[in-house]
Amino acid sequence: VRAQPEPSTKPLKQEPKAPAVPQPTLPWDQLPKFFDDLDRNDPNAALVILLAVKILVMTFLRVGSLTPAKWEEFDSKKEIWTIPADRMKTGKSHKVPLTQPIKDVLVRLHTFTGETDYVFFSPRGREYQHVHRDSLNAHLKKMGYKGLTTAHGFRPVSYTHLRAHETR
């Protein structure tokens, strides 16, 4: 009888990584219609979700960097939002300039969540005190954008638009 090698001593096989699949994304010229649909709010989403989507599109952030935002990260005097390194894929803190449209959304949010630690506070949160990252994609699907865009799909919109106009 031949002894089988100990499984823990076998070298691990390197499984090939699955090819990256780009997220569906809206063309730049469809953003006005998207914002109209978002404002109409046919799915009747909570205001915090709607405003989270607006800030997501205005900042092109990853959802995981956005939804746990805390009020203490915002410096209104310097007009900068500093996202801590532990929420950034790069592992480095990231500064987002607070444009007037972003500040307008934050003012609206503050009336609802300003007494909490989290900008996107969710009273229904079981796992987190803030809106769950999947809530934004769920809302986009309810809006009828399934297959057309995802929350992560907004990230390349500005880059693609700028690249298209770079040669003009």
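**Figure 1. Glu73 touches Pro68, Ile80, Trp81, Thr82, Ile83, Pro84 and Arg87, residues up to four places away in sequence being left out.** A contact here means heavy atoms within 4.5 Å. The model is a predicted one, in which local features need pLDDT of at least 70 and side-chain atom pairs count only at pLDDT 80 or more, while totals for chains, interfaces and linings use all residues. Residues are numbered from 1 along each chain as its sequence is written, and side-chain values use heavy atoms, without hydrogens and water. Glu73 is located in the loop between helix 3 and strand 1. Its relative accessible area is 11%, so Glu73 counts as buried (buried is under 20% relative accessible area, exposed over 50%, partly exposed in between, with a 1.4 Å probe and protein chains only).

**Figure 2. The protein chain comprises 6 helices and 3 strands.** These elements are DSSP runs numbered from the N terminus: helices are H or I with at least four residues, strands E with at least two. Read from the N terminus, their order is α-α-α-β-β-β-α-α-α. The chain has 168 residues, of which 35% count as buried. Among contacts with a separation of 6 or more, 58% join residues 24 or more positions apart.

**Figure 3. Three strands form an open sheet in the order 1-2-3, with antiparallel pairing.** Two strands pair if DSSP finds at least two bridges between them. Strand 1 (74–75) and strand 3 (94–97) are the edge strands, each pairing on one side only. Strand 1 is joined to strand 2 by 2 bridges, and Asp75 stands opposite Ile80 of strand 2. Strand 2 and strand 3 pair over 4 bridges, also in the antiparallel sense. On strand 3, His94 is the bridge partner of Ile83, and Pro97 is that of Ile80.

**Figure 4. The side chains of strand 2 alternate between two faces.**

**Figure 5. Glu79 lies in the loop between strand 1 and strand 2.** The two strands form a hairpin with 4 residues between them. Within the turn, Glu79 has a positive phi of about 55°, although Glu79 is a residue other than glycine. Its relative accessibility is 36%, and Glu79 therefore counts as partly exposed.

**Figure 6. Asn41 is placed in the loop between helix 1 and helix 2.** Asn41, not a glycine, has a positive phi of about 55°. With a relative accessible area of 15%, Asn41 is buried. Neighbours within four places in sequence aside, Asn41 is in contact with Leu50 and His139.

**Figure 7. The largest pocket holds about 520 Å³ of space.** On a 1 Å grid over the protein atoms alone, a pocket is an open set of points where a 1.4 Å probe fits, with protein on both sides within 12 Å along at least five of seven lines; lining residues have an atom within 4 Å of a point. The volume is the space filled by probe spheres set on the points, which are joined across faces, edges and corners. Of the 23 lining residues, Ile49, Ser122, Arg124, Val131 and Ser135 are closest to the centre. Helix 2 (47–59), helix 4 (100–113) and helix 5 (133–142) each give two or more residues to the lining, and helix 5 provides the largest share, 4 residues. The lining divides into 11 nonpolar, 8 polar and 4 charged residues (Ala, Val, Leu, Ile, Met, Phe, Trp, Tyr, Cys and Pro count as nonpolar, Asp, Glu, Lys and Arg as charged, and the others, Gly among them, as polar).
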